[in-house]
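I opened the model to look up the sheet, the helix on it and the cavities. My entries follow.

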Amino acid sequence: MINRYTFSRKQFVPRPLDEVFSFFARPENLSLLTPAELGFQILTPAPIEMRRGALIDYTIRLFGLRTRWTTLITSYHPPHQFVDEQLRGPYSFWHHTHLFTETDDGTLITDTIEYALGYGWLGKMAQALVVREQIERIFRHRELAIERIFTPTGMTPSVPK
């Protein structure tokens, strides 16, 4: 039996929904949100058209080893939601829902990841000792990057206007 885990994170951004969604709908921007130690590289040629059925290939470095990761966009409902699912990568299951909710003052971003590791008791041990903390660390980095990117004083050039 494979154990599934859930990770969820919410972040408020004081920017309009369309602007925030447009940034996240460009897979090329993922490198701006990913910690450098993961060595994130997109292999799919840019520009990548975000749509249901889009495939995105990239590599990351886990524990010093370069790992190929392929995701499929299984749901795409701009400007409110999209879902990516791992087809190939380090997890036995990965389902990431990106939800964007308009508020009076900006946009609430909600990330929910359901994942499984496989490998029986070794996977359970890895989850307890390493994986959960690594996901937490990635999303702490992402939260700070989002704050920097969406400051009122300036936007990154990669944000569509």
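**Notebook: sheet and cavity**

I began at the hairpin that S3 and S4 form, with 2 residues between them. Phenylalanine 63 sits in that turn and has a positive phi of about 55°. I take helices (H or I, at least four residues) and strands (E, at least two) as DSSP runs, numbered from the N terminus.

I note the ground rules here: this is a predicted model, local features need pLDDT of at least 70, side-chain atom pairs count only at pLDDT 80 or more, and totals for chains, interfaces and linings use all residues. Residues are numbered from 1 along each chain as its sequence is written, and side-chain values use heavy atoms, with hydrogens and water left out.

Confidence came next. pLDDT is the predictor's confidence in each residue, from 0 to 100. The chain has a mean of 88, and 86% of its residues reach 70 or more. Residues 154–161 fall below 50. Beyond near neighbours in sequence, that stretch has 20 contacts (heavy atoms within 4.5 Å) in the model.

**Sheet**

I count strands as paired if DSSP finds at least two bridges between them. Strand S3 (residues 55–62) and strand S4 (residues 65–77) run antiparallel over 8 bridges. I looked up two partners: isoleucine 56 bridges to threonine 71 in S4, and arginine 61 bridges to arginine 66 in S4. S2 joins S3 through 2 bridges, also antiparallel. There, isoleucine 42 has tyrosine 58 of S3 as its partner.

The whole sheet is open, with 7 strands in the order S1-S7-S6-S5-S4-S3-S2 and antiparallel pairing. S1 (4–13) and S2 (41–42) are the edges; each has a single partner strand, so one side of each lacks a neighbour in the sheet. Helix H1 (residues 17–24) packs on the sheet and touches S1, S4, S5 (81–88), S6 (93–102) and S7 (107–116). Its direction makes about 155° with that of S6. Axes are lines fitted to C-alpha atoms, for helices over the stretch in contact, and angles run from 0 to 180 degrees between N-to-C directions.

**Cavity**

A cavity is a set of points on a 1 Å grid over the protein atoms alone where a 1.4 Å probe fits but cannot get out; lining residues have an atom within 4 Å of a point. I get 3 cavities of 30 Å³ or more. Of its 30 lining residues, Leu30, Tyr58, Trp94, His96 and Arg142 are closest to its centre. H3 gives the most to this lining, with 5 residues.

Methods: 1 Å grid on protein atoms, 1.4 Å probe; cavity = no way out; pocket = protein on both sides within 12 Å on 5 of 7 lines; lining within 4 Å. Points joined across faces, edges and corners; volume = space filled by probe spheres on them.
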